[in-house]
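I opened this notebook page to look up the charged side-chain pairs, one at a time. The entries below follow the order in which I went through them.

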Amino acid sequence: MVDLAKEAFSTNNFGLAVDIYERTIRENGPTSELFLGLADSLALGGNFAKAFQSYKFAYRYGKVTPEKLKHLVASLIKSVKQDLDHVGSQIKKKTCLFTCGYCLGLLADPVTVPCGHTFCRHCLEKDKSNYCELCGSVNYRGKLKHLNSNFVLTNLIDKWFPNEWKAARLKKDGNEFFAKGSKGNLIHALTMYTEAIEVSPNDHLLWSNRSHTHASLDQFEDALADAEMVIKLKPQWPKGYFRKGFAAYGLGKYEDAAVAFLQCLALDQKATSAKDYLSKALDKILSALPPDDPKTEALQQRSNPTLLQKLVENNFSGQLLLPDITNTLQDLTRAVKDAISNTGSTSYEPVPLLESKYKEHSSIDKGTESNKLKLPDGSSLDHLESHHLFNSATSSPLPRKRSRNPSLTQSPLSPTHSSPQKLSKSVIDMNASSNKAQLASVESSASSNKTLLDSVEPSASNNKTQLASDPMSADKILVKPKERNVEDLECGLCYRLFYQPVTTPCGHTFCRKCLDRCLDHTVTCPMCKGNLAEYLAERRQAVNIAIEGILETYFKEEYLERCRMNDEEMVELIRMGSGQQSDIPVFVCTLSFPTISCPLHIFEPRYRLMIRQCMESGNRQFGMCMHMPDSDSEFSDFGCMLEIRDVQYFPDGRSVVDTVGGRRFKVLSRGKRDGYNTARVEFLSDKPITGEEMSVVNALQLEIHSAVQYWLTTVPSFRRNRIIQHFGELPEPDTNPSTVNGPNWAWWALAVLPLDPRVQLTMLGMCSFQDRLLALKKIIEYLNRRSCH
């Protein structure tokens with residue numbers, strides 16, 4: 001029977017497994033193994049109340065190790081994670097301006113990865129995966145050592161957040177002391193973290209590091225108090241719950257520890273350290289001896305149940321487990337919906353809430369963080385998390401490639417713990433009093449944030465909808481207008497405000513178009529001359545999300561003006577070739593013909609730029625003329641438009657462009673733009689064929705088409721195969737030759753016949769299909785006579 005129960009369990013038929021285990025226990029008597037199998041089946045089936053009872057019986061009938069609770073732990077994590085995802089499914093991911101997506105703190109030593117997101121260097125070093133925490137793009141971590149810090153963001157953080165920057169330096173000193181591990185160094189680290197908290201009391205990372213240090217010194221009461229403050233400042237950060245759970249475990253509060261570890265795992269399923277400690281905490285709870293008076297104990301639990309007991313009774317509801325997270329998400333959802341309905345916006349897509357990586361167990365947090373923003377209903381939002389909660393339909397008249405939708409920023413968890421160092425009671429007492437005073441001070445400061453917001457931005461506290469639609473008010477409290485300098489966000493190449501800013505591996509930032517122009521000429525950075533060959537080969541050049549967000553937030557008018565200038569340049573490119581007489585870019589090479597394929601190898605910097613502008617504008621066409629070395633003009637008076645069908649890039653920036661011939665034109669005047677040739681042209685079209693001429697033209701067309709077919713048979717086979725491979729088979733005659741450019745087969749013949757380019761140029765400029773046929777007749781007769789001799 002046990003084998004049958006195990007088979008049902010392995011096939012996920014947990015209901016059947018429960019029935020078999022219960023029957024076996026009734027018939028054969030209880031054993032630890034049977035109750036453990038029953039408990040695992042109940043847990044994976046979602047019946048946690050009965051599962052906990054069965055686990056307790058398993059402990060009473062035999063020895064059960066924490067490792068055997070793996071099914072309970074996995075089932076608990078799955079249950080709370082699904083519940084939390086359901087609550088937050090309507091909130092979109094959104095990276096904050098100055099906040100790391102891992103630690104949720106102020107960026108420390110910011111590094112921009114190829115996908116355009118920016119993180120703390122230390123956070124990236126701890127993450128061993130190849131995927132971006134925010135967008136999931138592949139970023140190869142092996143290249144991290146070749147990525148320099150982002151100079152623009154480092155400069156802005158240094159100027160705009162002086163207190164946080166000072167606290168970050170103190171924290172770095174504390175981290176260095178902590179890494180040494182001795183008792184004296186841990187005390188020095190505690191002092192550094194305390195000084196940093198006095199400078200920046202709302203930085204959750206400082207409280208987290210100090211909590212970890214207290215726990216390493218066996219000061220679990222102080223560690224628990226600091227962990228509670230971490231959760232208050234950043235309830236969506238999983239590591240805060242791990243800190244709380246670790247401190248509670250050290251104090252012997254195993255139920256509180258189990259709940260805290262489960263809260264951590266609800267936000268981050270990959271928190272391996274939290275899984276291990278959750279198993280240990282559950283082991284302590286389930287292995288406890290039964291009370292001497294079970295009835296009294298049951299009455300007490302019924303009248304005053306613990307949080308763990310409530311969770312067991314409610315099947316570990318996410319609303320009960322993480323009320324701060326679920327309430328905040330629900331409030332945000334309502335605020336976003338109200339704001340969207342007020343502005344008429346309809347761009348709203350649900351995505352999963354929190355997806356983060358968990359880190360090793362031996363590290364200290366590296367980022368810092370700033371003030372928090374209180375919502376009118378009492379729930380709290382980080383000032384950077386609230387930035388651009390949704391896109392206002394009237395915020396900009398210009399199109400954007402990226403939507404900026406609301407979300408809570410997520411981060412991975414990196415719990416740390418080293419062997420506790422035993423200290424004298426005098427050291428413990430010395431720190432306890434100062435910790436309590438700081439906690440009281442920060443709690444008072446946090447509760448007054450709403451008042452501060454009301455005094456600086458009175459309109460921001462009117463209602464949730466207004467707060468959601470204008471989240472920038474919180475940012476303005478932190479960054480004063482006098483501290484903002486538009487020159488800090490100017491491109492070093494065009495000396496204008498960044499437009500589509502991209503950051504190179506060497507840490508420098510430029511407008512994407514400016515950098516592209518430089519890379520057309522050289523593969524080195526314009527600022528430091530670092531090699532960008534690999535960066536060019538990847539061809540990502542993703543916009544720096546943080547810098548673009550800063551521009552849109554703090555320099556909105558200047559950025560809109562910069563966008564307007566770019567749009568005007570694009571409009572000018574789009575208009576090229578749109579009228580009967582137009583200015584067009586000209587590629588000087590050889591002749592091309594209507595409807596005939598023309599692959600081009602583009603390697604000159606000026607033509608790289610020309611092709612890129614044609615693609616970016618959406619025009620996807622340019623003119624091509626024949627080079628005229630013996631003429632005063634650089635290129636011929638007649639040419640043909642080429643329409644771009646595809647572009648294949650080489651790693652070094654060269655490209656092969658697949659084009660096909662379009663309209664013919666006559667050059668009226670010549671010019672230059674960005675280094676390449678342009679021309680004012682008039683487009684040509686064939687004269688209409690009248691009814692009287694149609695029969696004559698059709699008869700002549702059939703005669704010349706047959707002559708071309710005959711000539712093709714006289715061509716050597718290897719050459720004929722090359723012609724067909726490149727140009728295709730000879731098209732059939734057109735029953736209605738009266739079109740803009742005439743039948744396709746005539747241009748095919750003109751392209752493949754061995755003619756002097758000057759003859760081809762003359763025929764390209766003819767506006768009469770009948771005249772071109774007569775010219776082709778003379779050419780074919782000459783070629784056929786020559787082949788006979």
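Is Asp226 buried or exposed? I looked this up in what is a predicted model, and I noted that Asp226 is buried, its relative accessible area being 0%.

I then turned to the partner of this residue and found that Asp226 meets the side chain of Arg210 in a salt bridge, with 2.9 Å from N to O. Arg210 sits in helix 10 (residues 204–216) while Asp226 sits in helix 11 (residues 220–233), so the pair ties together parts that are 16 residues apart in sequence. Arg210 is likewise listed here as buried, with a relative accessible area of 0%.

My next entry concerns Asp583, which forms a salt bridge with Arg680, and for which I wrote down 3.5 Å between the closest N and O atoms. This pair links distant parts of the chain, since Asp583 belongs to strand 7 (residues 581–589) and Arg680 to strand 12 (residues 676–684), 97 residues apart. I recorded Asp583 as partly exposed at 39% relative accessibility, and Arg680 as partly exposed at 30%.

I also looked up Asp652, whose salt bridge with Arg654 has its closest N and O atoms 2.8 Å apart. Asp652 counts as partly exposed at 35% relative accessibility, and Arg654 counts as partly exposed at 26%.

To close the page, I wrote down the total for the structure, which holds 23 salt bridges.

Notes:
Residues numbered from 1 in each chain as written. Predicted model: local features only at pLDDT ≥ 70, side-chain atom pairs only at ≥ 80, totals over all residues. Heavy atoms only, no water. Salt bridge = Lys/Arg side-chain N within 4 Å of Asp/Glu carboxyl O. Helix = DSSP H or I, 4+ residues; strand = E, 2+ residues; numbered from the N terminus. Buried < 20%, exposed > 50% of the residue type's maximum accessible area, 1.4 Å probe, protein only.
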